[in-house]
Structure formats: structure tokens, C-alpha cells
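Please keep the sequence and the model in view while going through the numbered points.

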Amino acid sequence: MKRSFGILASAIATVVMLGACQKEQVNSQDNGSEQKVAELFGTFTVKADYTEPVAEASTKTALVDGDSPYVKWLSTDKINMWEFVDGTENACFQTAQDGTHLSDNDKSATFDVSLDGTDPEGSTYCYTAIYPEGAVTKNGEIYSFEIPATQTLVNGNFAANADILIGKPVIQGSRISSGTNISVQFKRPGTAVKLTLKGITAGDLISSVKITAPKGQKIAGRCKINLITGKVYDQAYENGTNVITLNCGNIEATGDDVFYFRCLDGTWASGSRVSIEVETGVALYTKTVSLPKDYVFADGGLTKFGFQGMTKKYYKEEAIAAVDKVANDAKSEIDGFDVEKVTDYVKDVAKNNIDNAVYIAKEKINNSTTIAEVTKVRDNTIAKIETEVESIRPTS
């Protein structure tokens, strides 16, 4: 039996402020009241106006930042809807084609969903919505979703694969009727993070940003969810890690750069260390700070923090220097081989081969855009130089 109905969705957001990291320290504001707010499920909707340009995206909701952040739905957003009858799943359904309608300056969305399948009788009917489509998977009786350790930015906003929204379950005594609406409030599990980085050379092309949380603090991984209650549990029971890497697609740095990512909620303990690595086409920026107090990344909240005064290391120059050193040492060693066992002609050929390898390596290194590419060229070239030396080394 097919029943079409609408789901009116509104997203909620709370704010937890964490100050900027400066000179190996973190300054912060007291965020105790916001932490308490963030623990309440589905009770706060942020309604402040925000007139600055909003980052565009094609497959996800976008966070509109400012003094009072809110969530902006997109007409392309899609959800899944589960129906449970007396605690047993009846079916899972997707948003209908072109079934997303926006209102209230895109702060609310209505999704058209069709329920097919059986029409069982029961005393309790539960409806749970999840954004985006496909975010929650089922393995046996376990429903789960994942905050990924690698997140690809979409036009400077949240990664589509990490921006998960959980609808507060709607429970009623009868099945939804065709043509009627139910209202669902959504919240983000874990924490939305706004990361500000100051000091990256303007014009550098940022390929990735890696955040390393305190040791033992799992900030990404697969989590279980009870779709009847909407509760998340067993956080990071699979693929748990304290590192999140943002793939940035070689965006151009301004010197005052902002990145958004998603991580699991939790407390980062006083005295623990937090690190940042920013990779550009020419340099690696790093910074490690020690936390002076406990920091709470509240469930359902938005946390803001930043780094400045990072150390800049030109990894291409270092790689070229390493290749040059190995090459020069190798040629010196070849010059010292006994001429009665290795002729000058053989030595010259080997040294020419080494020079050619170095020339090619420098060209490849200068054209590389990531540390991984540079490291691979460096290591392969050094191995080739060593092989060249061993191929003519005289036997005793």
C-alpha cells in the first residue's frame, strides 16, 4: 500500500565557543551554559538573520555562520525515513524525486516521501528521518553511521559525507495517513567545528589540513544508533581514530583561512596536546599546543578554534637537498673505487646516470603538489642512486 506524505524538517544548532590557539596556549571563554543547552535534544532552533554570502553546495545542508549560526537547507537535499511498528522495522524509504521544498529563508524544508510495502496493525508507530540518504546502514540488527577520518570540503563548507543529521523520532498511535504531514527536528550528532588558521602564506595552494586530537581521543569512526529513540551509542566502535584529514582541493590561501569539519563529541583533557598540519604545494605548516584546561566538544554544538604562528617547512627544498647529498656522496664513493677494478669510463657512465636521475627528480619534485608525491620521488631517486653505486662496486 502506497501512502504519500510530507515531512517538515527544521535543523537545530547550539554554539560552544573555544578561543584561538596562540603561542602554545589556548584562550577560551566559559562555555558551561552552552554545554548544558547542547545536551537537550531537539529543543532549540536558531532563528537569527544572517545576510553575508552563504557557501553554495549541491548535495548537503550548509551551515550559515555568524553570531547566531543556523542551518540552510538546499533544494537538492534528500533524506531516508524509517518506519517502525511496535518496535519492529517495517521499511526504509527515500525522498521522492524533486521532493524537497524550502521555506523560511531555507531554514526549513519539506520532503515528500512515499511509504510502500505492508500495512501492519500496531499500537505504536515510529518515524525516524536521517540526512543524507544512505548515511545510516544496517548490519543484522545494528544501525550505524560514520563520521569519516577523511573529509573532502565542498566549497569551503562541511564535507558531504560527514554532515549527518538525525531526526528526532516521531511516535504516534496510528500510521501516517496519505497526504498528511509530520514535523521532524534534526540535530547533528557530534560536533561541528569551525577551524581558523592564521599565517599561511597568501597564494599558497592548500591541499590538505590534518587535525590530531589528544592521544586516545577518538574524533572519527563508526557509531551505532537506535532509530526508535534517536540515541547514538558505542561511538567509534569501528575505524576509531584521533586524526581527521580535510582534503581541500588546492584552494588558495588568504592568510586568514576558515575550514569546517565534523568530529565526534567528547572532552579534550587539560594538559593533552593537539596538533595541526597544513600541506600546500610548496610547504608544510605545523603547530602543536598543550591544552591548559578541559575542553568540551558538545554533542549537537558548533565549536570554534584556531591556530596561528605555525612553523613553515619547505619540504620540496628539503627533498631536493636530500637527493643532492646522496648523489654527491655516491659520486665521491665511486671516485674512490680502485681504478684497476673499475675503469674511469665505467665510473663516468655511473656518475652521468646519477646526474640524470637527479635532474629528473628535481623536475618531478618541483611539479608535485603534495608531500606524498615529493616523498615518493625522493625515495625512488635515492634508491636508484644507491643501485647505481652497487652495480659497479668492486668485489673484494
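**Notes on the predicted model**

1. In this predicted model, Leu 284 stands opposite Lys 313 in strand E27. The two residues belong to a pairing in which strand E24 (residues 284–290) and E27 run antiparallel and are joined by three bridges; two strands are taken to pair if DSSP finds at least two bridges between them. Helices (H or I, at least four residues) and strands (E, at least two) are DSSP runs, numbered from the N terminus.

2. On sources, residues are numbered from 1 along each chain as its sequence is written, and side-chain values use heavy atoms, with hydrogens and water left out. As the model is predicted, local features need pLDDT of at least 70 and side-chain atom pairs count only at pLDDT 80 or more, whereas totals for chains, interfaces and linings use all residues.

3. E24 and E27 are part of an open sheet of six strands with mixed pairing, in the order E12-E20-E17-E23-E24-E27. Its edge strands, each pairing on one side only, are E12 (150–152) and E27 (311–313). On average, and with direction ignored, neighbouring strands of this sheet are turned by 20° against each other; axes are lines fitted to C-alpha atoms, for helices over the stretch in contact, and angles run from 0 to 180 degrees between N-to-C directions.

4. Another open sheet has four strands in the order E10-E11-E18-E19, and its pairing is antiparallel. Here E10 (137–139) and E19 (231–241) are the edge strands, each of which pairs on one side only, and neighbouring strands are turned by 35° against each other on average, direction ignored. Within this sheet, E11 (residues 142–147) and E18 (residues 220–226) pair in the antiparallel sense over four bridges, and Ser 144 stands opposite Lys 224 in E18.

5. How do helices H2 and H4 pack? Helix H2 (residues 315–335) and helix H4 (residues 371–392) meet at an angle of about 0°, with their axes 10 Å apart, and the two are therefore roughly parallel to each other (angles under 35 degrees count as roughly parallel, over 145 as roughly antiparallel, 65 to 115 as roughly perpendicular and the rest as oblique). The contact, meaning heavy atoms within 4.5 Å, includes Ala 319, Val 323 and Ala 330 of H2 and Val 374, Ile 382 and Ile 385 of H4.

6. Gln 217 lies in the loop between strand E17 (205–212) and E18, and Gln 217 is buried, with a relative accessible area of 17% (buried means under 20% relative accessible area, exposed over 50%, partly exposed in between, with a 1.4 Å probe and protein chains only). Leaving aside neighbours within four places in sequence, Gln 217 is in contact with Thr 241, Asn 242, Gly 266, Thr 267 and Trp 268.

7. Some backbone values deserve a careful look. Most residues other than glycine have a negative phi, and most peptide bonds are trans. The peptide bond from Tyr 131 to Pro 132 is cis, with omega near -5°, and Pro 132 is placed in the loop between strand E9 (125–131) and E10. Asp 234, in strand E19, has a positive phi near 50° and is partly exposed, at 40% relative accessible area. Asn 250, in strand E20 (residues 243–252), has a positive phi near 60°.
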